[in-house]
Amino acid sequence: MSGTKADGNKEDSLKRQGSFRKLLPLDTNGDSQLSMSVKMIDRPTVSQSNKEYSIYLQEYNILSEYKMLCSQDLKGVYVIPSAQNSLLWFGVQFGRQGTYQGGVFRFTITLPQNFPDGGCPRVVFQTPMFHPLIDPESGELCTSWAFTEWRRNNRVWQLVQFITKILIKVDIKMTPVNQEASILLENNFEEFRDRVKKCVKESLSNVYDPPMVNDPHYIVFDPYNHELHDPVKQEIYEPKEEEENKTLGLSWVQPGSLQPFSKPEAR
């Protein structure tokens with residue numbers, strides 16, 4: 001979809017970019033596009049008379065959520081909204097430590113239709129998971145253990161952080177949806193760990209599977225290609241040679257002296 005025009009007589013210089021960017025037209029109160037987007041940060045409740053703006057405000061809400069997610073220092077996880085449906089986000093969690101270390105686990109996050117209202121986004125793992133908080137049949141994560149009530153000031157990045165935490169440290173106090181995993185975790189950790197290792201092994205065997213949906217933003221991986229990847233790997237590992245007499249930054253003094261440009265020369 002292309003951007004809308006604020007004035008029918010003027011050529012719109014800003015165009016929609018990517019999957020989200022859309023311009024807000026002037027509303028009945030005369031608010032500008034900028035002021036409307038600033039107000040959006042506080043997640044306003046759209047009145048009945050302004051329902052036509054709900055789709056625009058929702059897209060700005062989703063875009064702001066994704067920008068906040070990108071600004072967080074979340075380790076080993078990649079998330080991106082679908083190119084076709086901004087309410088659907090694709091994610092991949094790399095197990096870097098803990099019982100699930102070494103695994104590559106795919107999941108989706110589905111935002112409510114009336115986001116940012118509508119409760120906690122739904123998290124479903126595509127990779128088979130053996131975990132007390134993950135339903136063994138549907139793959140859905142029980143988010144209520146961390147978010148008993150999803151509030152308007154909760155953020156999607158906090159939900160992604162929660163996904164990372166439950167794979168690093170599995171707490172026996174978790175209210176389980178997978179009773180078998182919970183019982184083994186508490187009474188037979190060795191057996192629990194063996195079941196998790198099977199999940200890790202299976203996740204690695206499915207890394208290069210074709211996309212489950214036809215979406216250009218679906219996260220895919222290709223096998224290592226020596227011809228393509230070796231030069232990049234070599235460039236990363238080899239130290240770069242420092243150029244001799246390399247100019248570092250800009251000088252604000254007169255060449256050959258300590259006289260700042262901001263001061264007139266003494267006469």
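**View A. E180 counts as partly exposed at 42% relative accessibility, and its partner in a salt bridge is R195.** The coordinates are those of a predicted model, in which local features need pLDDT of at least 70 and side-chain atom pairs count only at pLDDT 80 or more, whereas totals for chains, interfaces and linings use all residues. Residues are numbered from 1 along each chain as its sequence is written, and side-chain values use heavy atoms, with hydrogens and water left out. The closest N and O atoms of R195 and E180 are 2.8 Å apart. Because R195 belongs to helix α5 and E180 to helix α4 (residues 179-187), the pair ties together parts that are 15 residues apart in sequence. R195 is also partly exposed, at 24% relative accessibility. Here buried denotes under 20% relative accessible area, exposed over 50%, and partly exposed the range in between (1.4 Å probe, protein chains only). A salt bridge places a side-chain nitrogen of Lys or Arg within 4 Å of a carboxyl oxygen of Asp or Glu.

**View B. Two further salt bridges join E140 to R122 and R151 to E149.** By the rule applied, the count comes to seven salt bridges. The E140 and R122 side chains meet at 3.1 Å, N to O. This pair links distant parts of the chain, 18 residues apart: E140 is in the loop between β4 and α3 (156-168), and R122 is in strand β4. E140 has 30% relative accessibility and is partly exposed; R122, with a relative accessible area of 42%, is partly exposed as well. Between R151 and E149, the closest N and O atoms are 3.6 Å apart. R151 is partly exposed at 47%, and E149 is partly exposed at 48%.

View C. A cavity is a set of points, on a 1 Å grid over the protein atoms alone, where a 1.4 Å probe fits but cannot get out; lining residues have an atom within 4 Å of a point. The largest cavity has a volume of about 50 Å³. Its lining consists of F90, G91, V92, R106, F107, T108, Q126, Y218 and I219. Strands β2 (88-94) and β3 (104-110) each contribute at least two residues to this lining. By class, five lining residues are nonpolar, three polar and one charged.

**View D. The peptide bond between F115 and P116 is cis.** Its omega is about 10°. Most peptide bonds are trans. P116 is placed in the loop between β3 and β4 (122-125).

**View E. S203 is buried, with a relative accessible area of 3%.** This residue is part of helix α5 (residues 189-205). The C-alpha atoms of S203 and G102 are separated by 9.2 Å, while the two residues are 101 residues apart along the chain. In the protein chain, buried residues account for 36% of the 267 residues.

**View F. V232, I236 and Y237 make a nonpolar surface patch of about 370 Å².** V232 lies in helix α6 (residues 226-237) and is partly exposed, with a relative accessible area of 44%. Patch residues have over 30% relative accessible area and no salt bridge; like charges are joined within 9 Å, and nonpolar side chains (Val, Leu, Ile, Met, Phe, Trp, Tyr) within 5 Å. The protein chain has six helices and four strands, in the order α-α-β-β-β-β-α-α-α-α along the sequence. Helices (H or I, at least four residues) and strands (E, at least two) are DSSP runs numbered from the N terminus.

Notes: Accessible areas come from the Shrake-Rupley method with a 1.4 Å probe; for residues, only the protein chains shown count as cover. On a 1 Å grid over the protein atoms alone, a cavity is a set of points where a 1.4 Å probe fits but cannot get out, and a pocket is an open set with protein on both sides within 12 Å along at least five of seven lines; lining residues have an atom within 4 Å of a point. Grid points are joined across faces, edges and corners, and a volume is the space filled by probe spheres set on the points. Ala, Val, Leu, Ile, Met, Phe, Trp, Tyr, Cys and Pro count as nonpolar, Asp, Glu, Lys and Arg as charged, and the others, Gly among them, as polar.
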